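Please take a look at the sequence and the model, and then read on.

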Amino acid sequence: EQHMPPPTKEEIWLKKLSQSKIPVIIALITQLNQFKEEQLLNHLPFIYPLLCDLTLSDSFVIRKHLREVLLRIGKIRLGAFKYEVVEVDTLATVQQQLLQQQQQQKQKQQQPN
């Protein structure tokens, strides 16, 4: 039997995010992503931990918008990405991609050598 540790204060706070707050959070993240590089870097020490907390959100839409900001921060701080950044529009798209990969693997396994 595995016991789950009690939720942290941050996890409890994120669980309490009501649907009515999601558009406000998305608007804030969108505005943040429109900051000039210098502005973003100046605020980074304060906002980065808060952005990391939001990664625990149950809202896919919040995580999607958050991903854009975090990728931008990574690009600014780390330079060019080694791998191509793939845009994900919906959870259904991710599920479709996984199904396609599974089907391709099955086809490869069924092919005679």
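Helices H2 and H3 pack at an angle of about 145°, and their axes are 12 Å apart. Axes here are lines fitted to C-alpha atoms, for helices over the stretch in contact, and angles run from 0 to 180 degrees between N-to-C directions. This is a predicted model, in which local features need pLDDT of at least 70 and side-chain atom pairs count only at pLDDT 80 or more, while totals for chains, interfaces and linings use all residues. Residues are numbered from 1 along each chain as its sequence is written, and side-chain values use heavy atoms, with hydrogens and water left out.

**H2 with H3**

- On the H2 side, Ile25, Ile29 and Leu32 meet Leu40, Ile47, Leu51 and Leu54 of H3, where contact means heavy atoms within 4.5 Å.

**The chain as a whole**

- The chain has five helices and zero strands; helices (H or I, at least four residues) and strands (E, at least two) are DSSP runs, numbered from the N terminus.
- Along the sequence, the pattern reads α-α-α-α-α.
- Of the chain's 113 residues, 18% count as buried, meaning under 20% relative accessible area, with exposed being over 50% and partly exposed in between (1.4 Å probe, protein chains only).
- Among contacts with a separation of 6 or more, 62% come from residues 24 or more positions apart.

**A closer look at H3**

- H3 covers residues 37–54, and its end C-alpha atoms are only 21 Å apart, short of the 26 Å that a straight helix of 18 residues would reach at 1.5 Å a residue. That expected span is 1.5 Å times one less than the number of residues.
- A kink of about 75° lies at Leu44, shortly before the proline Pro45; the bend at a residue is the angle between axes fitted to the seven residues ending there and the seven starting there.
- Leu44 is also one of the buried residues of H3, along with Leu40, Ile47, Leu51 and Leu54.

**H4 and its partners**

- H2 (residues 22–33) and H4 (residues 60–78) pack at about 15°, with axes 10 Å apart.
- H2 and H4 are therefore roughly parallel: angles under 35 degrees count that way, over 145 as roughly antiparallel, 65 to 115 as roughly perpendicular and the rest as oblique.
- The crossing of H2 and H4 is left-handed, and residues making the contact include Ile22, Ile26 and Thr30 of H2 and Val61, His65 and Glu68 of H4.
- H3 and H4 have axes that come within 11 Å and cross at roughly 135°, which makes H3 oblique to H4.
- H3 passes H4 in a left-handed crossing too, and among the residues that meet are Glu37, Leu41 and Tyr48 in H3 and Arg63, Leu70 and Ile73 in H4.

- Leu28 lies in helix H2 and counts as exposed at 58% relative accessibility.
- Between Leu28 and His65 there are 10.0 Å in space, C-alpha to C-alpha, and 37 residues in sequence.
- Arg72 sits in helix H4 and counts as partly exposed, with 22% relative accessibility.
- Arg72 and Glu37 are 35 residues apart in sequence and 9.2 Å apart in space, C-alpha to C-alpha.
- Not counting residues up to four places away in sequence, Arg72 touches Leu32, Asn33, Gln34, Phe35, Lys36, Glu37 and Leu40.

Terms used
A crossing is left-handed if the near helix is turned anticlockwise from the far one by less than a right angle, and right-handed if clockwise.
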